[in-house]
Amino acid sequence: MAREKMTGAQAVVRALEAEGVDWLFGVPGGAILPIYDALFDSKKLKHVLVRHEQTGAHAAEGYAHATGKVGVCFGTSGPGATNLVTGIADAYLDSVPMVAITGNVSSALIGSDAFQEADITGITMPITKHNWLVTDVKDLPRILKEAFYIARTGRPGPVLVDIPKDIQNAELEFEYPETVNIPGYHPPVREEPRLKDAAALIRASSRPIIYLGGGVRTASAYEEVAQFAELVGAPVVTTVHGKGALPETHPQCLGMFGMHGARFANYAVQDSDLIIALGARFDDRVTGKLSTFAPEAKVVHLDVDPAEISKLVTATVPLVGDLKLLLPQLTAEVRKAFAASGRADLAPWVKKVADWREKHPLHYAVQGDEFIEPQHVIRRIWEKTQGKALVTTGVGKHQMFAAQYWTTTQPRQFITSGGLGTMGFCLPAAIGVQLGKPDALVIGIDGDGSFQMTLQDLATAVDLKLNIKIFILNNLFLGMVHQWQDLFYEKRLAETPLSDLPDLVKLADAYSCLGLRARKPSELEDVLDRALAHKGGPVIVDIRTRPDAHVYPMVPAGAPLNDMIDGE
Amino acid sequence: MERDEKLPTGSSHTVSLLVENKPGVLHRIAGLFSRRGYNIASLTVGPTERPEYSRMTIVVLLSSKTVEQVVRQVQKLVPVVEVRELSPVDLIERELLLVKIRTPEKNHAELRALAETYEAKIVDVSPDALIIEASGNAGKLDALEDRLATYGIQEICRSGRIALERGFKTLAPPNLK
Ligand SMILES: Cc1cc2nc3c(=O)[nH]c(=O)nc-3n(C[C@H](O)[C@H](O)[C@H](O)COP(=O)(O)OP(=O)(O)OC[C@H]3O[C@@H](n4cnc5c(N)ncnc54)[C@H](O)[C@@H]3O)c2cc1C
Ligand SMILES: Cc1ncc(C[n+]2csc(CCOP(=O)(O)OP(=O)(O)O)c2C)c(N)n1
Ligand SMILES: [Mg+2]
């Protein structure tokens, strides 16, 4: 690439173009104006003007989740940058590749409590893979190259580049580097993968279980996982981020386990003698009380991040590396071990798990004709869309109902905020998903509380004429907290009832989009059909659901995984 | 299987880091230790044989298993080029101690003798006070402090630990060796 004279701001635009960015999300302001001015001339970059930087960051996450590419968001100095923080933290905990670019006050003013100055590199240090405050315009191309590289490689995650205004205006000879050289980034692999040891454990196990997490998504290792799972023949459980890593219709797949997993899935994990964890991180929402987790199980843990190995659960055999490369090697090693020495008979174990599945299925009851059951809404949308839509969710009961009842059959189909659990994720993520996957049907399953945290960006969805369909399971409660109060706080409903505001149909009208409402079971089918048939922009659907429909089964926080309440 | 419900407190471990000599690196490392609840007993930073890198020596009070986790987490920081726990057997470690003693001149001779036993030096003398400088491992300096206590210690200033491993092994990754 020939060298070319330009400003720092133009260099940012050129770097983003070189990285193949198409959509990006942000709000302009004084300290990032030079970059916006340069953006005005770009033919390749399509900037979405969001109404709040947090939604910009979540939209970038939705885009990244759905496409596997790096999501990009912008914010100005001070409040623009701090508004991004929740989205960055969300991306950090869910390993979503993201580059956040912020303007800052001019270098000479940094450290002087200048107007709209915030130490955003200091603030985001614990929630980014890395961040940079650019101090010399000549460093800008290298830093942006490194930023994208770090965001998408290894264990993906967010990075932030903070660029003072004078650096945006300064001139440089631009040349985008072809390669990166970051001496501290490639951690030396400390242990050679002990594939033979892993294969020996798998061969000898009579009650193995395969535990799939979000790493299957980030590695795009769906094929490799299916081959491995079918060779081993073990039952498969997933985390909420592992949904779709093996189609949930696959006979071996037991679906999600954990706090709100199916009984049979949790029983299978607890009773296993070998856990094969692939791209999953033993979160406390899935292990329950750690000291009682799968007491008889040995653990094979494959993860690209060495710091995840034996962080919470000690790995009998650690395998550090990229699933996409390492899993086929493990599959080959297991095949060899089976051929050479045979293997334990899994039939009794498979039968036992099947019996649990039959005895303790996930189920819900439709009670009377007054209230719409939330689970039923999810099942009906799933059926009407033949399970093909991409789904985003808010956080709360509706999210867990969706996790339980949205049978996920495709990669990157179920997109949710798992690690940070950010209410308000649904609508902005749906915007990003739809832009990344323009031909897909995008459905949001949201809560009345969650929706109100980012609803201003309905305007963005209307502007862009996105056909996203947001179904709000409106129980007039901060429902998940209500559930905890019912179960663990003697039904003392401190600050969880929500007033019946706003009128979501009128709100939709105010934003010039379609708003629909179903109050009774008899109204549901028609409303769902109309919503799904709607074209030409977003639709908001207010579905009144049974307020006391709680999510079961449930493992109380800190209880053993097989100590579930209800759901029988 | 062994599973910890909470971070245990434990014994002293010396972790050596080679880091990029750039602004904010100390903040990143100190921040990681504090937010993950790793207890730092001492931390020193200084230049190395290459100007672009600094060496940090961090002493932590943790169980061995947690130290392994510390090393893995620290390794993830981009400016950290290499990090390792130094083997306690092969460790050459030093701290520097300055002690100000307030004591009448008649005791000075006695203190001079004491200092000599500990290979320490008297580096400042005034009529009713003196400053002793000593270096060595933590145990030796602790012992010297105990002995000096009876003379009336006014102020102590002690550096953190610095350490290298014996032999030809170095911390630099292969491409820098
Ligand atoms: C209200 C609520 C309830 C919840 N209840 C549940 C529940 O019942 N069950 C449940 O499962 N979750 C639940 N969650 C989500 C939970 O908090 C965690 O977010 C989730 O369990 C983590 O999923 P994961 O282990 O797949 O890890 P992720 O956060 O997706 O991490 C992915 C892992 O894969 C590794 N990885 C990434 N790329 C690669 C690669 N290329 N090769 C190898 N490894 C790689 C990463 O290093 C990391 O360790 C709940 C969340 C909320 C908000
Ligand atoms: C930003 C944020 N604030 C608070 C919480 C705590 N919280 C978790 S679930 C929940 C209630 C969610 O209510 P709603 O969106 O209506 O969903 P429901 O549980 O009723 O389905 C709350 C307040 C959170 N997860 N995120
Ligand atoms: Mg609600």
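**Note on the predicted two-chain model**

1. From the N terminus on, the elements of chain B run β-α-β-β-α-β-β-α-β-β-α-β-β. That makes 4 helices and 9 strands in chain B; helices (H or I, at least four residues) and strands (E, at least two) are DSSP runs, numbered from the N terminus. The C-alpha trace of chain B spans about 60 × 40 × 30 Å along its principal axes.

2. On conventions: this is a predicted model, in which local features need pLDDT of at least 70 and side-chain atom pairs count only at pLDDT 80 or more, while totals for chains, interfaces and linings use all residues. Residues are numbered from 1 along each chain as its sequence is written, chains are lettered from A and ligands numbered from 1 in the order in which they are written, and side-chain values use heavy atoms, with hydrogens and water left out.

3. Chain B has 177 residues, of which 45% are buried (under 20% relative accessible area; exposed is over 50%, partly exposed in between; 1.4 Å probe, protein chains only). Contact means heavy atoms within 4.5 Å. Among contacts in chain B between residues at least 6 apart in sequence, 73% join residues at least 24 apart.

4. The interface draws 32 residues from chain A and 24 residues from chain B. About 2,500 Å² is buried between chain A and chain B, with carbon and sulfur atoms giving 50% of that area. Buried area here is the accessible area (1.4 Å probe) that two parts lose on being put together, summed over both.

5. How many salt bridges are there between chain A and chain B? The count is 1, and the side chains that meet in a salt bridge are those of B:Lys76 and A:Asp305, at 2.5 Å, N to O. The rule asks for a side-chain nitrogen of Lys or Arg within 4 Å of a carboxyl oxygen of Asp or Glu. On the side of chain A that touches chain B, the residues divide into 18 nonpolar, 7 polar and 7 charged. Ala, Val, Leu, Ile, Met, Phe, Trp, Tyr, Cys and Pro count as nonpolar, Asp, Glu, Lys and Arg as charged, and the others, Gly among them, as polar.

6. Over all chains there are 11 aromatic pairs. Rings of Phe, Tyr and Trp (its six-membered ring) pair if their centres lie within 6.5 Å; planes under 30 degrees apart count as stacked, over 60 as edge-to-face and the rest as tilted. A:Tyr36 and A:Phe74 are edge-to-face because their planes stand at 80°, with ring centres 5.8 Å apart. This pair links distant parts of the chain, 38 residues apart: A:Tyr36 is in helix H2 (residues 33–39) and A:Phe74 in strand E4 (residues 71–75) of chain A. Both A:Tyr36 and A:Phe74 are buried. In chain B, the rings of B:Phe33 and B:Tyr38 have centres 5.9 Å apart and planes at 80°, so this pair is also edge-to-face. B:Phe33 and B:Tyr38 are buried.

7. A:Trp356, in helix H14 (residues 347–359) of chain A, is buried at a relative accessible area of 16%. Leaving out residues up to four places away in sequence, A:Trp356 touches A:Phe264, A:Tyr267, A:Ala268, A:Asp271 and A:Trp349.

8. A:Glu224 belongs to helix H10 (residues 222–232) of chain A. A:Glu224 counts as buried, at 15% relative accessibility. Its contacts, not counting residues up to four places away in sequence, are A:Lys324, A:Leu327 and A:Pro328.
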